[in-house]
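Subject: Two-chain model for you to look at

Dear colleague,

Please find the structure below, with some notes on how its parts meet and on where the prediction should be read with care.

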Amino acid sequence: MASRSSPGAISRSGSLLKRFNNSRNALGFVFMLPAAIFLLGFLTYPLGLGVWLGFTDTRIGRAGDFVGLQNYFYLMDDQVFWLSVFNTVVYTLVASILKFALGLWLALILNEKLPFKSFFRAIVLLPWVVPTVLSALAFWWIYDAQFSILSWSLMKLGLIDQPINFLGDPFNARVSVIAANVWRGIPFVAISLLAGLQTIPVSLQEAASLDGATPWKRFRYVTLPMLTPIIAVVMTFSVLFTFTDFQLIYVLTKGGPVNATHLMATLSFQRGIPGGQLGEGAAIAVAMIPFLLASILFSFFGLQRRKWQQGGAD
Amino acid sequence: MNTQDSSAAPDELRDDAEGMSYLSHLPRRIVVIYLPLAIFVFVLLFPFYWMAITAVKPNSQLTDYENYSPFWVVGATLEHINYLLFQTSYPGWLWNTILVSVASTFLSLFASVFAAYAIERVRFTGARTTGLLIFLAYLVPPSILFIPLAFIVFNIGIYDSRFALIFTYPTFLIPFCTWLLMGYFRSIPYELEESALVDGATRWQILRRIILPLAVPGLISAGIFAFTLSWNEFIYALTFIQSSENKTIPVGVLTELVRGDIFEWGALMAGALFGSLPVVILYSFFVDHYVSSMTGAVKE
């Protein structure tokens, strides 16, 4: 049968093919080749190139020279850079905690017996399916300084006297972008945790309640420990994507007002592409890597724990 | 359980209930489950409603909250949609987005099927390490790659063309698809392959005749998800594309429909709505595949 795939007339090449097929490493190499070309050429190489660019003064249209740590020294004294680091950390922390709390809550609700359960599960995920830029545009309109539907509703309810300046005031702008990010992130956390909840055997819950455990105790001592490994992974992803967020800020505030919502990613873009300072932009991007590594290590140990708990071989 | 009859009982009586039945009382269920669920659904869906209602509102009603209720529309208009489709480059952006998403999805699926099969089943030396590296590649965010990638894209001469996107999107699609397909391939019994090998089938035949047909659900999941990811991509498209005729929807809507201080909210929201619909329709047909691929990536 093997000869069918090779030209039958030339028996020598047929046997070569056979030998080739039997060599795991040669076959593995050929099969890995397409993916490897893309990932090495457009992922690994740019990652290294980015680190290198961070040490140069490259501008758009001009090859740069090696300038050592000059970009980093410059950033050390740059108030805006430190503000963006602060903003990124606050944004990530607050948004992640809210996403986790609300997402877990939603997951627990969806895990109950509900009519039209799969329908609810499907529509809840919509914010995550729709392109972020496009839903952010809707938020932009919802946050409009004059014609915000939120301001209008609150004014109708008599809670405020004048429209809220959602994106024009530093504090309000931060709250608004975090709210929009949480809105988009809840579905991912909720649906992933729901999948985790569904793997917890019902018998455990029943046994606990037979032993007289209150609902809170059942949650605290049965559900939560069983869910911890998946929470670790989901939240690592969530933190990672929140930390490197770009789209939402770019649409809603472009970093303003007075840089109050500039994240490291948006600052890196602003300095690198419109500003033309590729070297400096790359240096800001590189400054994000330590944070990302911390998240990845966290994820790694989260995964490890899961394997031990389940006694999985792999 | 005693749901219905006891729900009419006064509050003091209900507290005696024990065990799981505490949640079964209807009033309590309404407060603990249905009400929060309703609020969640309302908040999560409201922006879409607002998007849709704005897209069909005549300009005169858009900002006139005195005479018209902002939540409803009297005499819906197609004026914004008409403007969008016939007086802007929107159809071109839509075509670009479709082209780029389809091409990069197929490219990624092709590369991922081979990579996942090699890692999971050919088991070459270092397969496990490669699998781990693929997972790590999935965690590298586009926000730290776009500057060096812009540099590369420019130097190899595909800057400002659709190829710039078709070749760079696989950097985040391949790790995801490979990771997902590895999970699917793992679930296919070894025995099937062994018996085929004994019968003299080559690896290529096994992959094509046995593994791929069995992994169709996985391929659909990975494909749908990859398509959505590339449809939603923004930062690469914003950085690598300059000319209007090569832009994708997210970039086109944001950079060309937003001009000056006069926001044409109707047209903008129509653009957002039409840009969302294709992925939403696709999603509605394959909800289960979608959910399984999303949670599959998290659950390993």
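To begin with one pairing between the chains, R24(A), L27(A), G28(A), F31(A), M32(A), P34(A), A35(A) and F38(A) in α2(A) meet F110(B), A111(B), S112(B), F114(B), A115(B), Y117(B), A118(B) and V122(B) in α6(B); two residues are taken to be in contact if their C-beta atoms, placed from the backbone, lie within 7 Å. Helices here are DSSP runs (H or I, at least four residues), as strands are (E, at least two), and both are numbered from the N terminus. Sorted by class, the residues of this contact are 13 nonpolar, two polar and one charged, where Ala, Val, Leu, Ile, Met, Phe, Trp, Tyr, Cys and Pro count as nonpolar, Asp, Glu, Lys and Arg as charged, and the others, Gly among them, as polar.

Before going further, please note that this is a predicted model, in which local features need pLDDT of at least 70 and side-chain atom pairs count only at pLDDT 80 or more, while totals for chains, interfaces and linings use all residues. Residues are numbered from 1 along each chain as its sequence is written, and chains are lettered from A and ligands numbered from 1 in the order in which they are written.

The axes of α2(A) and α6(B) lie 8 Å apart, and the two helices pack at an angle of about 145 degrees; axes are lines fitted to C-alpha atoms, for helices over the stretch in contact, and angles run from 0 to 180 degrees between N-to-C directions. The crossing of α2(A) with α6(B) is left-handed, a term used if the near helix is turned anticlockwise from the far one by less than a right angle, with right-handed used if it is turned clockwise.

A second pairing joins helix α4 (residues 79–110) of chain A to helix α3 (residues 26–55) of chain B, whose axes come within 10 Å and cross at roughly 125 degrees. That angle makes α4(A) oblique to α3(B), because angles under 35 degrees count as roughly parallel, over 145 as roughly antiparallel, 65 to 115 as roughly perpendicular and the rest as oblique. Here too the crossing is left-handed. In this contact W105(A), L106(A) and I109(A) from α4(A) meet I33(B), P36(B), L37(B) and F40(B) from α3(B), and its residues comprise seven nonpolar, no polar and no charged.

Across the whole interface, 75 residues of chain A are in contact with 81 residues of chain B. Helix α2 (residues 24–54) of chain A gives the largest share of chain A's side, 18 residues, and that side has 59 nonpolar, 14 polar and two charged residues.

Each chain is also divided into domains, with bounds that come from an automatic or database domain assignment. In chain A these are domain 1 (2–54) and domain 2 (70–310), and four residues of domain 1 of chain A are in contact with seven residues of domain 2 of chain A. In chain B they are domain 1 (3–83) and domain 2 (88–299), with C-alpha centres 35 Å apart. There, 10 residues of domain 1 of chain B are in contact with eight residues of domain 2 of chain B, and α3(B) supplies the largest share of the domain 1 side, four residues.

As to confidence, the model scores ipTM 0.84 and pTM 0.85. Chain A averages a pLDDT (the predictor's confidence in each residue, from 0 to 100) of 84, with 88% of the residues at least 70, and chain B averages 84, with 89% at least 70.

Where pLDDT is low, the predicted coordinates should not be read in detail.

With best wishes
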